[in-house]
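Welcome! Here is a short briefing to read alongside the sequence and the 3D view. Take a look at both, then follow the topics below.

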Amino acid sequence: MPGSIAVTSFGRVISVRGSLARVGLLSTSQMAVSEARATVGRFVSIRCPTSTIVALITEVSCEDLHDIDEYIASASVDLLGEISGPAERPKFQRGVTHYPTIGDPVEMITNAELRTIYTPTSADHINVGTLQQDRSVTAYVNVEEMLSKHFAVLGSTGVGKSTGVSLLLNEILKARPNLRIFLLDVHNEYGRCFGDRALVLNPRNLKLPFWLFNFEEIVDVLFAGRPGVPEELDILAEVIPMAKGIYTQYQNADRIGLKRIDPKQIGYTFDTPVPYRLVDLISLIDERMGKLDNRSSRIIYHKLISRIETVRNDPRYGFMFDNANVGGDTMAEVISYLFRLPANGKPMTVMQLAGFPAEVVDSVVSVLCRMAFDFGLWSDGVSPMLFVCEEAHRYASADRNIGFGPTRKAISRIAKEGRKYGVYLGLVTQRPAELDATIISQCNTLFSMRLANERDQALMRSAVSDAAANLLSFVPSLGTREVLAFGEGVALPTRLRFKEVPPHQLPRSEATIATVPSVSAGHDMHFVGAVLERWRGATSNRDAPNDPGFAERPIARPLPSAESPLLQPSMGLDPDRFSLLKKPLR
C-alpha cells in the first residue's frame, strides 16, 4: 500500500468517520518541502479512484501515533465536496458521494483544483477578494443565493467590517443595478460610499408623516420611549380612528359632495395607514375632557394634550410633524421617495440615523422596516429590495426586555417571510450573541470577521450548519479584512481576504481622529463658542450663523408639480456640521 502513494502525497487516510477523516502525515524525508506546510485551515485533496475529495485540515497533532517510523503526525480533516468528471472539464459539487478508504493518498490541493471550485458557473457572481490559501484565486459570491436567503456580516470593532459592507453593497449594485437597497446607517458613515447612486436621508431632508406610525410606534414617540400611561393609551386608542374618519369624511365631502357620515362608521383602526390631523385629534380629546366633571379625570386628558403639543412643537421632530394640521395623503410620495420607485439613477437609500432624537430612533426604524415589508407583501414582490440593518443587535436584541418590541417584530418578519415577497435582509453587527438567534438563523450566508468574545463565537458555531464549522476556531485570530465565509453564497466555507476598497468608497469611520490635538486648530474661546452654537442649533429651528454649510445651503423653493411639496428638504441642521472638528479624509 505505501508504495502506491504518489510522489506529491504528504499523507494517507488512516480513518474515516462520517464527514470526518484522519490523515497520517509522512515524515519529511518522504515528502516535498512545499508540502511540509500542511497545517490547519489548508485545503487538501484526497485521491479516490472515481473522484477527488476536497477536505479542510482542522487539527494537526503528533499524539497517539501507532507507527512512529512512517508518520510524523496526524491531521483531522472535514470532507467538504468532490471534483469529478473528465480532466478537461472537471466539475465541483458540495457533499461526498464516494467516501475515501484507508490508504487513499492525500495531497495539497492544486491551483487548478481551487479554480475549479471557485470559478463561477454563471455571471451571477460578485468578486469580493482572494483566497487566503492562494492569493491568485479570486473569491466569488453567488449574488442570487446571498440575497434571496439573506446574509450577515459579523465582526468586532476595527476589523474592517464597515469597509466590507461598503465593498459588498457596491459589488451588488454593479451586479444588480436595478435592485433597490435601503441601508440603516447608525453612525452616519456611509454617506459618501456610493457616490451618485445613493440618496442620503437624514432629519434635514426626510419627511415621514406621523400618521404613518402605527399605534405602538406613535405611543413610543409621545412617551419618549417609556411605557405609556394606561389611561392615556385608552383615550388615544379611541380618538385616533375617529380622527382618521373625520379627515377622510371631510376629504370625500369636499371632492364629491357626499353626505357626511359618522366617523365611527368608516371602519378604520388605529393602525390603518391613512392621514389624520393633530388639530382633529386634540379637538376630540378636548371635547371629551369638557364633558367631565371630575377634576382628577380631566388631568389625564390635559396631560395627554400637553404630550402631543410638546412633541409637535419640538424642532427635532420636524421630520414627522411638519404640516401636521394641514393634512394631505402623501403616502405614495413618501414610499416612492424612501424606497426609490422610480429609482431615477439612485436605486439606493442611505438612512443616516445619528441626527435623529435618541427617543424616536427605534420607532423610526420600526416604521421603515414595517413599510418595506408591507410594500413587498401588497405588491406581490414585483420590485425586490435589500434592507440592510447596521448595528442590528440594537434593534433585534436577544433579550426581550431590551429594545423596542415592534422593531424586533418588523425585522423578524423580513427575516422569516421577506424572501417570499422580494424583501431581502442584510444584518451587520459586532455582537452576534446579543442578536435574536431566530433572526440570525435565517441568514444563510455569513461573513465572519474577527470575533474575540466567546459568547459571539458560541452563537456562530450554533448558526453554521456546514461540515466545516471547525473553521470557526480561527475567528479570534483573523487579520484585518480577513473573512470566514459560510453558507449558500459561497462554493465552500472559505477563509478569504476582502479586496482593497477605493478611497472614495471608504466609510467615514476609516478617517480616524488623531489622539494628539493639532497646534494650528486654535482651541480658544471662539472655538468653544462655535461648538456651542452648533450644539444649541441641534434643538432649534434656526441655522447657526457659523454653520460650515450655512452659506452653501440651497434656499427652499417649490418643487415641480409632479413631486409632493411635503418632500421638500427642511432647513434643519446639516449632519456634517461637525466635520470641522474632524481630521480631513485623505
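Is Asn188 buried or exposed? At 9% relative accessibility, Asn188 counts as buried, where buried means under 20% relative accessible area, exposed means over 50%, and partly exposed lies in between, using a 1.4 Å probe and protein chains only.

Before going on, a word on how to read this: the model is predicted, local features need pLDDT of at least 70, side-chain atom pairs count only at pLDDT 80 or more, and totals for chains, interfaces and linings use all residues. Residues are numbered from 1 along each chain as its sequence is written, and side-chain values use heavy atoms, with hydrogens and water left out.

**The overall picture**

- The protein has 586 residues, and buried ones make up 50% of them.
- Its secondary structure comes to 15 helices and 18 strands; these are DSSP runs numbered from the N terminus, with helices being H or I of at least four residues and strands being E of at least two.
- Contact here means heavy atoms within 4.5 Å. Among contacts between residues at least 6 apart in sequence, 71% join residues at least 24 apart.

**Nonpolar cores**

- A nonpolar core is a set of buried Ala, Val, Leu, Ile, Met, Phe, Trp, Tyr and Cys residues joined through side-chain atoms within 4.5 Å.
- The largest nonpolar core has 141 residues, and Leu208 and Leu338 are those with the most contacts inside it. Helix α10 (residues 361-378) gives the most to this core, with ten residues.
- Apart from this core lies another one of 19 residues, including Ala55, Val77, Val96 and Met108.
- Which residues does Leu338 contact, leaving aside its neighbours within four places in sequence? They are Phe182, Leu201, Leu206, Leu208, Thr349, Met351, Leu368 and Met371.
- As background, nonpolar side chains in soluble globular proteins tend to be buried together.

**Cavities**

- The structure holds four cavities of 30 Å³ or more. A cavity is a set of points, on a 1 Å grid over the protein atoms alone, where a 1.4 Å probe fits but cannot get out; lining residues have an atom within 4 Å of a point.
- The second largest cavity has a volume of about 60 Å³; grid points are joined across faces, edges and corners, and a volume is the space filled by probe spheres set on the points.
- Phe210, Ile218, Leu222, Leu236, Ile240, Tyr276, Leu278, Leu281, Ile308 and Phe321 line the second largest cavity.
- Helices α4 (215-222), α5 (230-256) and α6 (278-290) each supply at least two residues of this lining.
- What classes make up the lining of the second largest cavity? There are ten nonpolar, no polar and no charged residues. Ala, Val, Leu, Ile, Met, Phe, Trp, Tyr, Cys and Pro count as nonpolar, Asp, Glu, Lys and Arg as charged, and the others, Gly among them, as polar.
- Val326 is in the loop between α8 (318-321) and α9, and counts as exposed at 57% relative accessibility.

**Cysteines**

- The structure holds zero disulfides, a disulfide being a pair of cysteine sulfur atoms within 2.5 Å.
- Cys389 is buried, with a relative accessible area of 0%.
- Cys193 is buried too, at 1% relative accessibility. Cys193 is touched by Asn170, which also touches Phe194 and Gln505, not counting residues up to four places away in sequence.
- Asn170 sits in helix α3 (residues 161-175) and is buried, with a relative accessible area of 10%.

**Backbone details**

- Most residues other than glycine have a negative phi, and most peptide bonds are trans.
- Asn188, in the loop between β11 (180-185) and β12 (198-201), has a positive phi near 55 degrees.
- Arg481 also has a positive phi, of about 75 degrees, although it is not a glycine. Its place is in the loop between α14 (454-463) and β17 (482-487).
- A cis peptide bond, with omega about 0 degrees, joins Leu341 and Pro342. Pro342 lies in the loop between α9 (331-338) and β13 (348-352).

Definitions and conventions: On a 1 Å grid over the protein atoms alone, a cavity is a set of points where a 1.4 Å probe fits but cannot get out, and a pocket is an open set with protein on both sides within 12 Å along at least five of seven lines; lining residues have an atom within 4 Å of a point.
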